Amino acid sequence: MPERKQFVVIGLGRFGGSVCKELVNQGHEVLAMDTDEEKVNIYANIATHAVVANSTDESALKSLGIRNFDNVVVAIGDNIQASILTTLVLKEMGVKNVLVKAKNDYHHKVLEKIGADQIVHPEMDMGRRVAQQMSDEKVIDF
Ligand code: ATP
């Protein structure tokens with residue numbers, strides 16, 4: 001069992017939701033956050049805590065004590081501006097490890113500049129893994 005850690009997952013879409021569930025399965029504490037109350041209600045039964053909050057609101061993040069978490073996942077998809085602003089606020093607050101889901105190359109570049117610690121492209125990353133797996137299977141078949 002890995003060491004029990006505390007995480008914040010911001011954005012409970014397919015990606016953020018899946019990250020949240022797996023972290024809980026791995027035995028970690030997860031604070032799940034979304035602006036959408038329906039999503040938060042669903043994750044209230046899964047995450048350790050679930051809150052309706054806008055992550056671009058610095059005072060909301062402060063009152064939730066987000067600066068005390070070492071690991072935050074920013075899984076906001078379509079709203080690139082909100083994703084960038086959230087990342088900026090988190091890094092300014094001193095959060096050690098901020099992992100952000102990027103939508104495109106432009107988004108990635110900006111995230112890099114403002115200090116995102118890890119940047120992922122779920123569809124692209126998964127496509128590469130699937131291709132590598134299929135390629136390996138073919139080698140084994142022969
Ligand atoms: P996925 O592919 O992971 O399903 P997506 O890329 O389509 O997601 P969105 O659905 O746009 O991404 O965003 C993911 C979640 O982030 C949504 O549930 C949305 O309500 C939430 N979200 C968007 N902006 C904010 C914000 N400022 N603060 C908190 N949550 C937010």
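Before anything else: the model is predicted. Please keep that in mind when I quote distances.

I'll start with the ligand. It sits in the largest pocket. Around the ligand there are 21 residues. The closest of them are Arg14, Phe15, Asp34, Asn54 and Lys101. What is the make-up of that shell by class? The residues around the ligand divide into 7 nonpolar, 7 polar and 7 charged.

At Arg14, a polar backbone atom lies 2.6 Å from an oxygen atom of the ligand. So much for the backbone of Arg14; next, a side chain. In Lys39, a side-chain N or O atom is 2.9 Å from a ligand oxygen. How much of the ligand's exposed area does the protein bury? On its own the ligand exposes 630 Å², and the protein buries 83% of that.

Moving on to the protein itself. The structure has 6 salt bridges, and I'll take one of them. Glu58 and Lys62 pair through their side chains, with an N to O distance of 3.4 Å. Where do these two residues lie? Both belong to helix α3, which covers residues 58-63. Glu58 and Lys62 are 4 residues apart there, about one turn of the helix.

Conventions: Residues numbered from 1 in each chain as written. Predicted model: local features only at pLDDT ≥ 70, side-chain atom pairs only at ≥ 80, totals over all residues. Heavy atoms only, no water. Near = heavy atom within 4 Å. Polar contact = N/O pair within 3.5 Å; in protein donor to acceptor, adjacent residues only side chain to side chain. Areas by Shrake-Rupley, 256 points an atom, 1.4 Å probe, with all protein chains shown as cover. 1 Å grid on protein atoms, 1.4 Å probe; cavity = no way out; pocket = protein on both sides within 12 Å on 5 of 7 lines; lining within 4 Å. Sits in = over half its atoms within 2 Å of the grid points. Nonpolar A, V, L, I, M, F, W, Y, C, P; charged D, E, K, R; others polar. Salt bridge = Lys/Arg side-chain N within 4 Å of Asp/Glu carboxyl O. Helix = DSSP H or I, 4+ residues; strand = E, 2+ residues; numbered from the N terminus.
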